[in-house]
Amino acid sequence: MIYSFSYQDTLPVLPAVPGLVIRECEDALTMSILNQIPLKTAQDRLFNDNRAYVAWLNDVAVAFGWVALGRARIGELNHEFIVPMNHAYLWNLRTLPDFKGLGIYPRLLQSILQAENPSVERFWILHAPENEA
């Protein structure tokens, strides 16, 4: 499934999760550890028009996600594409297993949409059928 959000779409109001802070992360080492990927891969992503966001719950990293603004790749489909100007592709959003069910994912998604909103007209995100979360 492909979902799309416009900067004009109204997002539902979500109650706050005490201790939850979501912010952009420019640290490749942090993203390497969270994603369990080589440091070079995280560096390449950050260097190639991708931004990373991390959700912290009481100063513990509990979820993360990526935003592609240029070249993007859908690994499951082995497909690479160029994200259109003023669009963003949201990918690899994950909540760490011990923190699932706390409502962190929708807050991470909304935080990314709000942070990127000034420069992005439309956001795209895929939902793989096997992803039951």
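Helices (H or I, at least four residues) and strands (E, at least two) are DSSP runs, numbered from the N terminus. The structure is a predicted model, in which local features need pLDDT of at least 70 and side-chain atom pairs count only at pLDDT 80 or more, while totals for chains, interfaces and linings use all residues. Residues are numbered from 1 along each chain as its sequence is written, and side-chain values use heavy atoms, with hydrogens and water left out.

The side chains of D44 and K40 form a salt bridge, with an N to O distance of 2.9 Å; a salt bridge is defined as a side-chain nitrogen of Lys or Arg within 4 Å of a carboxyl oxygen of Asp or Glu. In general, an α-helix has 3.6 residues a turn, so residues three or four places apart point the same way. D44 is partly exposed, with a relative accessible area of 32%, whereas K40 is exposed, at 53%. Here, buried means under 20% relative accessible area, exposed over 50%, and partly exposed in between (1.4 Å probe, protein chains only). Accessible areas come from the Shrake-Rupley method with a 1.4 Å probe, and for residues only the protein chains shown count as cover.

The whole structure holds three salt bridges. In another of them, R51 pairs with E116, the closest N and O atoms being 2.6 Å apart. R51 belongs to strand β3 and E116 to helix α3, so this pair ties together parts that are 65 residues apart in sequence. R51 is partly exposed, with a relative accessible area of 27%, while E116 is buried, at 2%. A salt bridge also joins the side chains of R71 and E80 (3.0 Å, N to O), and E80 is partly exposed, with a relative accessible area of 44%.

Helix α3 comprises 13 residues (104–116), which at 1.5 Å a residue should span 18 Å; the end C-alpha atoms are 18 Å apart, in agreement. The expected span is 1.5 Å times one less than the number of residues in the helix. Buried positions in α3 are I104, R107, L108, L109, Q110, I112, L113 and E116. These buried residues pack against strands β1 (2–6), β2 (20–25), β3 (50–57), β4 (60–68), β7 (87–95) and β8 (122–126), contact being defined as heavy atoms within 4.5 Å. Q110, in helix α3, counts as buried at 13% relative accessibility. Neighbours within four places in sequence aside, Q110 is in contact with L11, P12 and L14.

A nonpolar core is a set of buried Ala, Val, Leu, Ile, Met, Phe, Trp, Tyr and Cys residues joined through side-chain atoms within 4.5 Å. The largest such core has 19 residues, and those with the most contacts inside it are L20, V62, L90, L93, I104 and I112. At least two residues of this core come from each of β3, β4, β7, α3 and β8. Helix α3 gives the most to this core, with five residues. Another core, of 18 residues, lies apart from it and includes L34, A42, F64 and W91. Residues up to four places away in sequence not counted, I112 touches Y53, V67, L90 and L93.

In helix α1 (residues 28–35), the buried residues are A28, M31, S32, L34 and N35. Their cover includes β2, α2 (39–47), β3, β4 and β7. Just after α1, Q36 takes a positive phi of about 55°.

Strand β8 contains I125, which counts as buried at 8% relative accessibility. With neighbours within four places in sequence left aside, I125 is in contact with M1, I2, Y3, F5, L90, L93, Y105 and L109. The C-alpha atoms of I125 and P15 are separated by 23 Å, the two residues being 110 residues apart along the chain. L126 is also placed in strand β8, and counts as partly exposed at 32% relative accessibility. Together, I2, L77 and L126 form a nonpolar surface patch with about 300 Å² of accessible area. Patches are made of residues with over 30% relative accessible area and no salt bridge, like charges being joined within 9 Å and nonpolar side chains (Val, Leu, Ile, Met, Phe, Trp, Tyr) within 5 Å.
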